[in-house]
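Q: I am new to this structure. Please walk me through how to read its features.

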Amino acid sequence: MRIGVLGAGAWGTALAHVARAAGHEVEVWSRGRPLEAIGKAQGLILAVPAQGVRGVLLGLKAIVTNAIPLIISAKGIEQGSGLFMNEVVADVLPQAEPMVLSGPSFAADVMQGLPTAVVLTAGEISHAHQWAEALSLPHFRIYASDDVKGVEIGGALKNVLAIACGISDGRALGDSARAALTTRGFAELTRFAAKLGAKPETLMGLSGLGDLLLTCSSKQSRNYSFGFALGAGKTVEQALAASRGVVEGAATVKIAQALARQHGVDMPIVDAVHAIVDEGRAPDQEIARLLARPLRAEIT
Ligand SMILES: NC(=O)C1=CN([C@@H]2O[C@H](COP(=O)(O)OP(=O)(O)OC[C@H]3O[C@@H](n4cnc5c(N)ncnc54)[C@H](O)[C@@H]3O)[C@@H](O)[C@H]2O)C=CC1
Ligand SMILES: O=C(CO)COP(=O)(O)O
């Protein structure tokens with residue numbers, strides 16, 4: 001097949017590498033180049049940061065006129081609208097069939113051919129299976145799902161929780177604190193996902209628990225490293241400037257917090273990250289606030 005990859009950053013490059021290794025003809029588009037060459041593709045992979053997705057889709061409008069499968073690999077929520085990426089696609093390019101690829105997968109690991117498992121979700125599970133088959137490699141296993149909402153929520157929210165874990169480690173609060181934050185962050189994630197109509201079991205999978213386990217504990221994660229820098233005393237601007245690439249959680253946390261409020265979901269860790277990243281509050285103040293919360297039953 002001819003596959004177009006939109007975005008030539010770390011993830012677009014890794015996914016283009018996967019698609020070529022799976023035997024496809026691949027055209028990679030990067031910012032500043034004309035989009036025309038992408039028009040002949042039979043499937044598209046969107047690998048620009050979440051806040052750039054609408055702009056790229058607008059550029060595709062005149063070029064892509066037929067129904068085309070479009071695999072979204074950005075992990076985030078659109079700031080102005082509060083839309084998830086599949087909803088942005090439906091809004092701007094309704095002729096495309098949005099699918100979402102997510103799960104624990106560092107671009108550098110994938111480029112090295114290290115074993116990786118991800119999930120691909122489509123409204124029609126048979127389409128997810130078909131594309132999982134087309135793009136999988138022995139060391140790049142793609143599982144199929146039909147829970148687009150759940151997979152998107154897992155990918156977008158884990159970035160915010162990875163920032164929290166990075167902040168905790170940057171303050172040297174210890175491994176136990178990071179495990180507590182990861183687990184209670186997972187509780188927030190599942191509450192939020194359930195309220196928004198996702199399948200709870202999706203969040204127990206690769207996009208959710210799997211990606212939390214990876215990015216809440218690895219310096220390879222830009223979100224974790226950004227949080228670590230904040231915990232170590234850097235300002236938001238300094239920590240962003242030091243990042244090896246996009247920090248999606250920093251762009252998503254404000255709208256995630258607003259959506260949680262709107263839907264009446266209690267998300268104290270997301271609130272804390274929002275206060276530190278968007279309101280300039282001191283990490284210690286937010287850590288103290290989290291620790292002072294009333295004791296409660298674990299599962300609610
Ligand atoms: N790097 C990784 O390991 C993984 C990344 N992702 C996701 O993939 C998405 C892209 O991440 P990376 O490639 O890692 O980021 P990156 O920072 O390495 O590269 C981003 C690329 O997008 C381009 N870009 C930025 N804003 C743009 C815009 N408005 N319009 C068009 N192009 C734009 C940049 O020029 C750059 O080439 C993110 O949503 C990230 O969460 C998902 C899984 C793994
Ligand atoms: O999503 C990722 C791995 O699954 C990449 O994480 P970072 O964006 O935090 O580097």
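A: Start with contacts. Two residues are in contact if their C-beta atoms, placed from the backbone, lie within 7 Å. Keep the basis in mind: this is a predicted model, where local features need pLDDT of at least 70, side-chain atom pairs count only at pLDDT 80 or more, and totals for chains, interfaces and linings use all residues. Residues are numbered from 1 along each chain as its sequence is written, and chains are lettered from A and ligands numbered from 1 in the order in which they are written.

Q: Which residues is Asn223 in contact with, leaving aside neighbours within four places in sequence?

A: Asn223 is in contact with Asn159, Ala162, Ile163, Gly166, Thr215, Val247, Glu248 and Gly249. Asn223 itself lies in helix H10. Helices (H or I, at least four residues) and strands (E, at least two) are DSSP runs, numbered from the N terminus.

Q: Is Asn223 buried or exposed?

A: Count C-beta atoms, placed from the backbone, within 10 Å of the residue's own: 20 or more others make it buried, 12 or fewer exposed, and anything in between partly exposed. Asn223 has 29 other C-beta atoms in that range, so it is buried.

Q: Where is Lys75 found?

A: Lys75 sits in the loop between strand E4 (68-72) and helix H3 (85-92). Lys75 counts as buried, because it has 29 C-beta neighbours inside 10 Å. Beyond residues up to four places away in sequence, Lys75 touches Ala50, Ser102, Gly155, Ala156, Asn159 and Glu248.

Q: Which residues does UniProt list for "binding site"?

A: UniProt positions are given here in the numbering used for this model, with shortened feature names, and annotations may be inferred rather than shown by experiment. The unreviewed UniProt entry lists Lys75, Arg222 and Asn223. They span 149 residues in sequence, yet no two of their C-alpha atoms are more than 12.7 Å apart, so they gather at one spot.

Q: Which residues are closest to ligand 2?

A: A residue is near a molecule if its C-beta atom, placed from the backbone, lies within 6 Å of it. Ligand 2 is surrounded by 13 residues, and Ser105, Thr215, Ser221, Arg222 and Asn223 are the closest. Helix H9 gives the largest share of this shell, three residues.

Q: Why does ligand 2 lie between domain 1 and domain 2?

A: Domain bounds come from an automatic or database domain assignment. Ligand 2 lies between domain 1 (2-146) and domain 2 (149-292) because both give residues to its shell.

Q: Which residues come nearest to ligand 1?

A: Of the 25 residues around ligand 1, these are Gly9, Trp11, Gly52, Ala74 and Gly245. H1 supplies the largest share of that shell, three residues.
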